[in-house]
Amino acid sequence: MSIIKPNNNTLQRMADQWRITAGFNTTGGDVTANWERIDTDGPGLIRSGVSQSSGIFTFPETGIYFITAQSYVSATSGAISSQAINLKTTLDNSSYSTAALSYDSSSTTNYNASFFCSTLFDVTDTSTHKVKLSVITGGTSIFDGSTSHTATAMTFIRLGDT
């Protein structure tokens with residue numbers, strides 16, 4: 001049996017997870033407030049993690065990242081034609097475009113849904129390559145948030161070098 005010894009070329013993995021601390025009503029837009037790094041129920045953080053300002057996430061180093069977004073959404077004030085979560089990325093720290101989208105629609109009242117989407121993102125420059133979460137609704141929806149459980153959240157895992 002041979003033992004693999006780490007060297008200077010050892011993969012530097014990173015893992016981090018952030019969530020919204022309070023539910024919010026919205027008709028859509030970027031999720032800019034109430035983000036916290038998950039800190040309950042034995043969270044796992046590998047290395048320094050991402051940083052966040054007004055809902056815009058900055059990566060600690062270049063590399064290929066697996067990014068997921070999730071949300072639990074409800075609409076209790078009538079039928080909502082559509083709801084979605086949207087991972088948006090930028091390569092120039094300015095113009096954002098949709099990298100991943102999870103969408104559902106319903107014509108019923110008291111509607112509840114769980115959304116999940118993911119993308120691989122090649123971060124070649126940490127000053128220009130960023131990501132944010134946006135939500136889309138066809139009416140007013142309630143996106144769940146809490147400091148004690150994870151409902152609306154993003155997960156970041158660095159898979160390897162770019």
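**From a surface patch to the interior**

Reply: Ile136 belongs to strand β10, which covers residues 130-143; strands here are DSSP runs (E, at least two residues) numbered from the N terminus. The model is predicted, and local features need pLDDT of at least 70, side-chain atom pairs count only at pLDDT 80 or more, while totals for chains, interfaces and linings use all residues. Residues are numbered from 1 along each chain as its sequence is written, and side-chain values use heavy atoms, with hydrogens and water left out.

Ile136 has a relative accessible area of 38% and is therefore partly exposed, where buried means under 20%, exposed over 50% and partly exposed in between (1.4 Å probe, protein chains only). Together with Leu101 and Tyr103, Ile136 makes up a nonpolar surface patch of about 310 Å² of accessible area. Such areas come from the Shrake-Rupley method with a 1.4 Å probe, and for residues only the protein chains shown count as cover. Patch members have over 30% relative accessible area and no salt bridge; nonpolar side chains (Val, Leu, Ile, Met, Phe, Trp, Tyr) are joined within 5 Å, like charges within 9 Å.

In soluble globular proteins, nonpolar side chains tend to be buried together.

Leaving aside residues up to four places away in sequence, Met154 is in contact (heavy atoms within 4.5 Å) with partners including Trp18, Trp35, Phe57, Ile67, Leu87, Val131 and Leu133. Asp16, Gln17 and Thr68 are also among the residues that Met154 touches. With the same exclusion of residues up to four places away, Ser74 touches Gln83, Tyr111, Asn112, Ser141 and Ile142.

Seven aromatic pairs are found in the whole structure, with rings of Phe, Tyr and Trp (its six-membered ring) paired if their centres lie within 6.5 Å; planes under 30 degrees apart are stacked, over 60 edge-to-face, and the rest tilted. Trp18 and Phe57 are an edge-to-face pair, because their ring centres are 5.7 Å apart and their planes stand at 75 degrees. Trp18 is in strand β1 and Phe57 in strand β5 (residues 56-58), so this pair ties together parts 39 residues apart in sequence. Trp18 is buried at 9% relative accessible area, and Phe57 is buried at 0%. Phe57 also pairs with Phe156: the centres are 5.1 Å apart and the planes at 40 degrees, so the geometry is tilted. Phe156 lies in strand β11, so the pair with Phe57 of β5 ties together parts that are 99 residues apart in sequence. Phe156 is itself buried, at 0% relative accessibility. Trp18, Phe57 and Phe156 belong to one aromatic cluster that also contains Trp35, Phe59, Tyr65 and Phe121.

Charge pairs complete the picture. The count is seven salt bridges, each being a side-chain nitrogen of Lys or Arg within 4 Å of a carboxyl oxygen of Asp or Glu. Asp16, which Met154 touches, meets Arg37 in one of these bridges (2.8 Å, N to O). Asp16 is in strand β1 and Arg37 in strand β3 (residues 35-37), so the bridge ties together parts 21 residues apart in sequence. Asp16 is buried at 2% relative accessible area, whereas Arg37 is partly exposed at 28%.

A second bridge joins Glu61 and Arg158 (3.9 Å, N to O). Glu61 sits in the loop between β5 and β6 and Arg158 in strand β11, so parts 97 residues apart in sequence are tied together. Glu61 is partly exposed at 21% relative accessibility, while Arg158 is buried at 2%. Arg158 also forms a salt bridge with Asp161, with the closest N and O atoms 2.6 Å apart; Asp161 is exposed, at 58% relative accessible area. Glu61, Arg158 and Asp161 are linked with Arg47 in a network of salt bridges.

Methods:
Helices (H or I, at least four residues) and strands (E, at least two) are DSSP runs, numbered from the N terminus.
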